[in-house]
Amino acid sequence: MLSYRDISERLEAISPYSAEELVSYSFIIEKELEKLNETLNKTGSNDYSGAALLAAARANYKIALIRRSGNSVTSFAAGDVRISENNSELENAKALLDEVSSECAALADVNGFAFRTV
């Protein structure tokens, strides 16, 4: 069984957020922990390291989505002042999630497929 600490330590390592920042997102970590422990029990897998990394990557992506949702400005210019949003945090989180999901496909608990765009 995975523990909260297993996931939070990996999340701290792969994300740009400090441990103090991650405390406010503990509900996401707890949900990912619950989902992965359930999957480990169903599949009988003992890949705890891969499962913890997958849960951390999922949590990282969800946190990046939440943090991005508050910033709707993508670009703004007024005279010499320019404000633009950097999407690299979200893009990095998505790329990491895709990579870890493909490596841990057995633990991803995907029952089908879906088109990203039509």
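Exposed here means over 50% relative accessible area. Keep that cut-off handy for this tour of a predicted model.

Start by selecting Arg5. With a relative accessible area of 58%, Arg5 passes the cut-off and so counts as exposed. Glu9 is partly exposed, at 41% relative accessibility.

Stay on H1, residues 4–14, and pick out Ile7, Ser8 and Leu11, which are buried. Look down the helix axis: the buried residues of H1 fall within an arc of 95 degrees, so they line one face. Arg5 and Ala13 are exposed on the other side.

Next, select Glu89 and Arg67, whose side chains meet in a salt bridge (3.6 Å, N to O). Glu89 belongs to helix H5 (residues 88–103) and Arg67 to helix H4 (residues 48–69), so this pair ties together parts 22 residues apart in sequence. Both ends are partly exposed: Glu89 at 30% and Arg67 at 32%.

Move along H5 to Lys94. Its side chain forms a salt bridge with that of Asp98 (2.9 Å, N to O), about one helical turn away. Lys94 is partly exposed at 22%, as is Asp98 at 32%. To finish with the charges, select Glu32, Lys35, Arg58 and Lys62, which salt bridges with shared partners join into one network. The whole structure has eight salt bridges.

Last stop: Tyr61. Lys94 lies over the face of this ring, 5.5 Å from its centre.

How values were computed:
Residues are numbered from 1 along each chain as its sequence is written. This is a predicted model: local features need pLDDT of at least 70, side-chain atom pairs count only at pLDDT 80 or more; totals for chains, interfaces and linings use all residues. Side-chain values use heavy atoms; hydrogens and water are left out. Buried means under 20% relative accessible area, exposed over 50%, partly exposed in between (1.4 Å probe, protein chains only). Helices (H or I, at least four residues) and strands (E, at least two) are DSSP runs, numbered from the N terminus. The arc is that of the directions from the helix axis to the C-beta atoms. A charge sits over a ring if NZ of Lys or CZ of Arg is within 6 Å of the ring centre and within 35 degrees of the ring normal. A salt bridge is a side-chain nitrogen of Lys or Arg within 4 Å of a carboxyl oxygen of Asp or Glu.
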